[in-house]
Amino acid sequence: MTEQPESREARILIVDDSPMSVRLLSHYVRDMGSIRFALSGVEALELATEYLPDIILLDVEMPTLDGLEVCQELKQRETLKDIPVIFVTARVGVEHEVACLAAGGVDFITKPPKEPVVRARVKTHLTLKRQADLLRELASIDGLTGIHNRRAFDERITIECRRHRRTPAPIGIAMIDVDHFKQFNDIYGHVAGDGCLRQIAQAIDATARRPGELAARYGGEEFVV
């Protein structure tokens, strides 16, 4: 089973080319989660890929790669597209607000940031992110066995195949079919059969503990790792 969203500390990524702004925002949210920071757009994309934050506070005005471009790139990446981005900007006006939202941002904070506003908006979007993560987690769980379902496997294998195309590392898949399960059901009944599948699923799931490994019920009495 994957880690439940509410069971771990929130991860916050602050992106600003001004160290002073980073320190100020970090101070405002210091007790709301684990904090990492980046001083450029390029560094932000690299760190986001590694850190997988739950929320990003993103400065708009940065050299080389500005905040709007960073957000647009985040939204194109499968593993990063659902991370809420709050823009932090000194610019005001309807046109600028629309540009931030069109780039994929969920909210924005004007500079100089005020602590109550920063905390309220970060808290709101962290709560919404946890709820969305929980719904996605529930949608990916097989109702009978409690491990991942076929949908979760299909999504993960797509991501892993993309990852492995960029590296020379191999990828392995184990397809597992329970022998004589129909005969077991016929003899002991479907209630016992369901219990049997749950025990098998938990035994298989217990083996998939390294990062990147996933066990799922593929369908019926078929499993995949």
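Modeller: F181 and F184 both belong to helix α7, which covers residues 181-188, and they stand 3 residues apart, about one turn of the helix; helices here are DSSP runs of H or I with at least four residues, numbered from the N terminus. This is a predicted model, in which local features need pLDDT of at least 70 and side-chain atom pairs count only at pLDDT 80 or more, while totals for chains, interfaces and linings use all residues. Residues are numbered from 1 along each chain as its sequence is written, and side-chain values use heavy atoms, with hydrogens and water left out.

The structure holds 3 aromatic pairs, where rings of Phe, Tyr and Trp (its six-membered ring) pair if their centres lie within 6.5 Å, and planes under 30 degrees apart count as stacked, over 60 as edge-to-face and the rest as tilted. The ring centres of F181 and F184 are 6.4 Å apart and their planes meet at 10°, so this pair is stacked. F181 is buried, with a relative accessible area of 8%, whereas F184 is partly exposed, at 27%; buried means under 20% relative accessible area, exposed over 50%, and partly exposed in between, with a 1.4 Å probe and protein chains only.

The rings of F184 and Y188 have centres 4.8 Å apart and planes at 45°, so that pair is tilted. F184 and Y188 are 4 residues apart in helix α7, again about one helical turn, and Y188 is exposed, with a relative accessible area of 56%. Taken together, ring pairs link F181, F184 and Y188 into a cluster.

Methods:
Helix = DSSP H or I, 4+ residues; strand = E, 2+ residues; numbered from the N terminus.
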